[in-house]
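Q: Please take me through some of the terms used for this structure and show what each one rests on.

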Amino acid sequence: MPKPLRAGSNSGDAQNAELLAALNKEFHRIVRASGGTNATRLLVLPTLHTSADQARIDELTTTFNQLNDRNLIATVHFYGYWPFSVNVAGGTRFDSAVEQDLVGQFDRVANAFVARGIPVIIGEYGLLGFDRHTGTIEQGEKLKFFEYLGHYARTKKLTTMLWDNGQHFGRTSFTWSDPELFGQIRSSWTTRSGTASADFVYVPKTGSIAAQTLTLNLNGTTFQSLRQGGTDLVRGTDYTVSGNQLTLTAAALTRLVGSRPYGVNTTLQARFSGGVPWRINIITFDPPVLAGATGATGTTAAFSLPAQFRGDQLATMEAKYADGSNAGPQNWTSFKEFDVTFAPDATANTITLRPAFFAEVNDNARVTLTFHFWSGTKVTYYVTKSGGTVTGTTA
């Protein structure tokens, strides 16, 4: 397969498309003329930038029509809806926008090629946030993305190849770093799995515990049971199911969390008639607490504010100036890119603001940061940059 051309080396996509068409045709000519089984060997040809945009598909379709060779395969790459794929602009959930982006891209290549008997390989797929670390996208939302991707690719008869630069599969240990993720991917090759609106339930550290409800995404399956370890919870006593609403009773949650230490107190499995079970963590938390940062941490090169997460997990961060306008990079949105501009560290009890964030913050303009946690808690913090110095405060 010829390496897909990248923008930047010539005068734009019109010329890029011409060059790629020439490269694809020359690759085809050389291989076919080289003798032996190369006369019929399957050849994989990419779209420009391995994009599934309609214009790029049309260009490759033209090349296929000109070559008139039944032993060709088309390839594109897929890394999902960008705000979700990198966790920016509030794209923290696998929602209808993420799903429809996937459907649109897979439909376009299926209609252009598969419908004509031309195989398609999704030669790379994944999430762009994985390039930094796999925690950029919350685990449950990540699992829903891969469950649906595998299902829809199978429906459209597309072959998929997971991109892995070492964060998924150990090259020497031959083990998966995240067996839960791989289990969901593998299951999607043959069937669908039930999921839910979240893979967690948060309960307060002190005071009474209320019943909690999750919405089940049955995906063509039927709900079977709710299990803790090897024991099924009692339907009607520990939980109820009404349509697609799974409700854990107050009594069951109180029993399950025990003395309520911060963090995951127990894990449940929602089991369905097909696919893999859906894990539900029962988590005890208090609202996170942030503290002022001064001294060595108060620079644009290295600014970390002390953070007591208290069982909670950071989802995203907003940044605004006093007049309500958006601060920091990608100022078309108030929600900043996870890990590129900010990075939580629950082990070190810090949230770091990256140099990339301060590089696009106005001098001597107070910025209001709103940290959104998965429990639903929001915590406010303020920073002001003056040259290379940063001051931070909770007040």
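A: A charge sits over a ring if NZ of Lys or CZ of Arg is within 6 Å of the ring centre and within 35 degrees of the ring normal. The model is predicted, with local features needing pLDDT of at least 70 and side-chain atom pairs counting only at pLDDT 80 or more, while totals for chains, interfaces and linings use all residues. Residues are numbered from 1 along each chain as its sequence is written, and side-chain values use heavy atoms, with hydrogens and water left out.

Q: Which ring does the charged end of Lys205 sit over?
A: The charged end of Lys205 sits over the ring of Tyr262, at 5.0 Å from its centre; likewise, the charged end of Arg366 lies over the ring of Tyr382, 3.9 Å from its centre.

Q: Why is the pair of Trp176 and Phe182 called stacked?
A: Rings of Phe, Tyr and Trp (its six-membered ring) pair if their centres lie within 6.5 Å, and planes under 30 degrees apart count as stacked, over 60 as edge-to-face and the rest as tilted. The structure holds 25 aromatic pairs; in that of Trp176 and Phe182 the centres are 4.1 Å apart and the planes at 10°, so the pair is stacked. Phe357 and Phe358, by contrast, are edge-to-face, with 5.2 Å centre to centre and 70° between the planes.

Q: What makes Phe182 count as buried?
A: Buried means under 20% relative accessible area, exposed over 50% and partly exposed in between (1.4 Å probe, protein chains only). Phe182 has 15% relative accessibility and therefore counts as buried, whereas Trp176, at 31%, is partly exposed.
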